Amino acid sequence: MPGMEGFDICVRLREMPDGERTPVLMMTSLDDKASLDRAFSVGASDYVTKPFHWSVLRERVRDLLAQSTS
């Protein structure tokens with residue numbers, strides 16, 4: 001993304017009113033431990049690396065939505 005990383009967007013989202021209640025699924029090609037740790041430290045709800053399997057992505061989204069409505 002030009003000018004802003006997904007990590008930065010997650011931080012800004014979490015700072016918004018009720019932002020902590022919004023599920024954030026990070027989808028990235030970064031598959032190193034430092035990026036994974038950073039994603040969760042800025043508030044990501046889950047993390048999926050590219051290329052991903054559609055069945056895995058579908059389940060992750062389904063789980064996050066179920067958690068956000070309970």
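Student: Is Trp54 buried or exposed?

Tutor: Trp54 is exposed, because its relative accessibility comes to 61%. Keep in mind that this is a predicted model.

Student: What about Phe52, how does that one count?

Tutor: Phe52 counts as partly exposed, since its relative accessibility is 22% and buried would need under 20%.

Student: How many aromatic pairs does the structure hold?

Tutor: One. Phe52 and Trp54 make it up, with ring centres 5.2 Å apart.

Student: And which kind of pair is that, edge-to-face or stacked?

Tutor: Edge-to-face, because the two ring planes sit at 80° and the cut-off for that label is over 60 degrees.

Student: OK, switching to the fold. What pattern does the chain follow?

Tutor: Along the sequence you get α-β-α-β-α, so three helices and two strands in total by DSSP runs.

Student: How much of the chain is buried?

Tutor: Buried residues are 23% of the 70. The chain exposes about 5,100 Å², with 56% of that coming from carbon and sulfur atoms.

Student: Last one: how far apart are the mean positions of the positive and negative charges?

Tutor: They're 4 Å apart, counting 9 positive and 11 negative charges.

Definitions and conventions
Residues are numbered from 1 along each chain as its sequence is written. This is a predicted model: local features need pLDDT of at least 70, side-chain atom pairs count only at pLDDT 80 or more; totals for chains, interfaces and linings use all residues. Side-chain values use heavy atoms; hydrogens and water are left out. Helices (H or I, at least four residues) and strands (E, at least two) are DSSP runs, numbered from the N terminus. Buried means under 20% relative accessible area, exposed over 50%, partly exposed in between (1.4 Å probe, protein chains only). Accessible areas come from the Shrake-Rupley method with a 1.4 Å probe; for residues, only the protein chains shown count as cover. Lys and Arg count as positive and Asp and Glu as negative; His and the chain ends are not counted. The place of a charge is taken as NZ of Lys, CZ of Arg, CG of Asp or CD of Glu. Rings of Phe, Tyr and Trp (its six-membered ring) pair if their centres lie within 6.5 Å; planes under 30 degrees apart count as stacked, over 60 as edge-to-face and the rest as tilted.
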